[in-house]
Amino acid sequence: MRPSNWPYPYWIAHRGAGKLAPENTLAAFRLGASYGYRMFECDAKISRDGTVFLLHDATLERTSNGRGIGGDWDWAHLSLLDAGGWHSRRYAGEPLCSLQGLSRMCLQNNLLLNIEVKPTPGTDYATGQAVAALAARLWEGQPVRPLLSSFKPLALEGAQQSAPELPRALLLENWWEGWMNSAAALECAAIVAQYALYDAQSVKAIHQAGMRCLCYTVNQADHAQALQELGVDGIITDRVDLFAPDHAPGRL
Ligand code: G3P
Ligand code: MG
């Protein structure tokens, strides 16, 4: 039995626009939207002074001109970094994005979010709490609120504690012992698994538990076709240039 109240589209753009723009920046979400995407995955963590901002890695080096652990700096420092120059000249000077900044763009443009809680190591529970509390406030009264996901059960527990009304999803890169019980205890609306994990049996078990099956990160048409045939409920992709998001499942 699948829950009927699933308000999210099938196609979700990974980190904004995959690799076509600097990940997790406003420029990336704008580019993804220009390809017709209406929902975006992003990676959120907290700065030293409690601002929720977007950064995939724990450290700044790969995707900005900053140094060290992102969560060790105040937002006043982080917000002045160049998070676009590493990608290409065209995006040089693009700043890091706060969740509040992204929420403004999403709400103004009818765009939806899957916020992956990506805690700085050692801060799982507090990060889940902070991200969920802020998301609940920013999207208060909105018809469709963000889907919060995490590989870290403790982060989802923090989210469950501070904003139980926001939908949660457990991210899985393997079927670790007890994942189904954990997802049930966290009252998850969905599982978001590495796409190669799915088979008919796992899709059926997740649906029977009343959850949706989402998958990451699908970048090839034959993989997407196979997942659609298995009956997954959503696909996260980098390839906003390959997959047209208004295509219904089975009509790649
Ligand atoms: O949320 C799906 C996917 O983004 C999880 O992996 O490492 O790309 O954040 P990662
Ligand atoms: Mg992610």
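Figure 1. Aspartate 238 has a relative accessibility of 10% and so counts as buried (buried means under 20% relative accessible area, exposed over 50%, and partly exposed in between, with a 1.4 Å probe and protein chains only). The model is predicted: local features need pLDDT of at least 70, side-chain atom pairs count only at pLDDT 80 or more, and totals for chains, interfaces and linings use all residues. Residues are numbered from 1 along each chain as its sequence is written, chains are lettered from A and ligands numbered from 1 in the order in which they are written, and side-chain values use heavy atoms, with hydrogens and water left out. Aspartate 238 sits in the segment after β9 (234–237) (helices, H or I of at least four residues, and strands, E of at least two, are DSSP runs numbered from the N terminus). Its side chain and that of histidine 14 are joined by a polar contact of 2.8 Å (N or O atoms within 3.5 Å; within protein, one must be able to donate a hydrogen and the other to accept it, and residues adjacent in sequence count only if both atoms are side-chain atoms). Once neighbours within four places in sequence are set aside, the residues in contact with aspartate 238 are His14, Ala17, Gly18, Lys19, Thr217, Val218 and Asn219 (contact means heavy atoms within 4.5 Å).

**Figure 2. Salt bridge between lysine 19 and aspartate 238.** The closest N and O atoms of lysine 19 and aspartate 238 are 4.0 Å apart, and the two residues form a salt bridge (a side-chain nitrogen of Lys or Arg within 4 Å of a carboxyl oxygen of Asp or Glu). This pair links distant parts of the chain, with lysine 19 in the loop between β1 (11–13) and α1 (26–34) and aspartate 238 in the segment after β9, 219 residues apart. Lysine 19 is exposed, its relative accessible area being 66%, whereas aspartate 238 is buried at 10%.

**Figure 3. Network of salt bridges.** The residues linked in this network are Arg15, Glu23, Asp43, Asp57 and Arg62. Within the structure, the count of salt bridges comes to 10. Arginine 15 and glutamate 23 form one of them, with the closest N and O atoms 3.0 Å apart. Arginine 15 is buried at 16% relative accessibility, and glutamate 23 is buried with a relative accessible area of 10%. In another, the side chains of aspartate 57 and arginine 62 meet at 2.8 Å, N to O. Aspartate 57 counts as buried because its relative accessibility is 18%, whereas arginine 62 is partly exposed at 37%.

**Figure 4. Protein donors of the magnesium ion (ligand 2).** Glu41 (OE), Asp43 (OD) and Glu116 (OE) are the protein donors and lie 2.0 to 2.2 Å from the magnesium ion (donors are N, O and S atoms within 2.8 Å of the metal, or 3.2 Å for Na, K and Ca; water is not among the atoms, so sites may look incomplete). The spacing of the donor residues in sequence is E-x1-D-x72-E. Glutamate 41 in strand β2 (residues 39–46) and glutamate 116 in strand β4 (residues 112–117) are 75 residues apart, a pair that links distant parts of the chain. Glutamate 41 is buried, with a relative accessible area of 3%, and glutamate 116 is buried at 5%.

**Figure 5. Aromatic pairs.** Eight aromatic pairs are found in a search of the whole structure (rings of Phe, Tyr and Trp, the last by its six-membered ring, pair if their centres lie within 6.5 Å; planes under 30 degrees apart count as stacked, over 60 as edge-to-face and the rest as tilted). Tryptophan 6 and tyrosine 8 form an edge-to-face pair, 4.9 Å centre to centre with 75 degrees between the planes. Tryptophan 6 and tyrosine 8 are both buried. Phenylalanine 151 and tyrosine 216 are likewise an edge-to-face pair, at 5.8 Å centre to centre and 80 degrees between the planes. The latter pair links distant parts of the chain: phenylalanine 151 is in the loop between β5 (147–150) and α5 (153–162), tyrosine 216 is in strand β8 (residues 212–216), and they are 65 residues apart. Phenylalanine 151 is partly exposed at 26% relative accessibility, whereas tyrosine 216 is buried at 15%. One aromatic cluster is formed by Tyr10, Trp11 and Phe243.

Figure 6. The search of the whole structure finds zero disulfides (pairs of cysteine sulfur atoms within 2.5 Å). The closest cysteine sulfur to that of cysteine 213 belongs to cysteine 215 and is 8.7 Å away, too far for a bond. Cysteine 213 is buried at 0% relative accessibility, and cysteine 215 is buried with a relative accessible area of 0%.

**Figure 7. Packing of helix α5.** The buried residues in α5 are Ala155, Leu156, Gly158, Ala159 and Gln160. These buried residues pack against β4, α4 (124–138), β5, β6 (168–172) and α6 (179–185).
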